[in-house]
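Thank you all for coming.

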Amino acid sequence: MKASELRGKDQPALQKELNELLKAQFSLRMQIATQQLNNTAQLKKVRRDIARVKTVINQKDAK
């Protein structure tokens with residue numbers, strides 16, 4: 001996901017995206033805890049996507 005894609009979305013869509021990413025992060029953390037996650041790089045990708053979404057939300061709030 002790119003920041004330019006996120007900037008084109010409105011505030012409710014960004015909040016929805018953030019909630020979905022947080023749920024995905026929780027799911028991945030549970031998979032790590034139960035030794036079911038093979039590709040641990042997914043967690044890093046989700047964390048960065050969450051940060052991107054939060055950054056865009058804060059930028060839109062500042063305007």
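What pLDDT does the chain average? The chain averages a pLDDT of 93, and 100% of the residues score at least 70, where pLDDT is the predictor's confidence in each residue, from 0 to 100. Among the elements of the chain, the lowest mean pLDDT, 88, belongs to α1, and the highest, 95, to α2; helices here are DSSP runs of H or I with at least four residues, numbered from the N terminus.

Two remarks on how to read what follows. This is a predicted model, in which local features need pLDDT of at least 70 and side-chain atom pairs count only at pLDDT 80 or more, while totals for chains, interfaces and linings use all residues. Residues are numbered from 1 along each chain as its sequence is written, and side-chain values use heavy atoms, with hydrogens and water left out.

Let me turn to helix α3, residues 41-62, which has 22 residues and reaches 32 Å from its first C-alpha to its last, close to the 32 Å expected at 1.5 Å a residue (the expected span being 1.5 Å times one less than the number of residues). Within α3, the residues Leu 43, Val 46, Asp 49, Ile 50, Val 53, Val 56 and Ile 57 are buried, meaning under 20% relative accessible area, with exposed meaning over 50% and partly exposed in between, for a 1.4 Å probe and protein chains only. What covers the buried residues of α3 includes α1 (3-7) and α2 (11-33).

The largest nonpolar core has 12 residues, among them Leu 6, Leu 21, Leu 37 and Val 53; such a core is a set of buried Ala, Val, Leu, Ile, Met, Phe, Trp, Tyr and Cys residues joined through side-chain atoms within 4.5 Å. The largest share of this core, six residues, comes from α3.

Finally, consider Asp 49, also in helix α3, which counts as buried at 3% relative accessibility. Its side chain is joined to that of Arg 52 by a polar contact of 2.8 Å.

Notes:
Helices (H or I, at least four residues) and strands (E, at least two) are DSSP runs, numbered from the N terminus. Contact means heavy atoms within 4.5 Å. A polar contact is a pair of N or O atoms within 3.5 Å; within protein, one must be able to donate a hydrogen and the other to accept it, and residues adjacent in sequence count only if both atoms are side-chain atoms.
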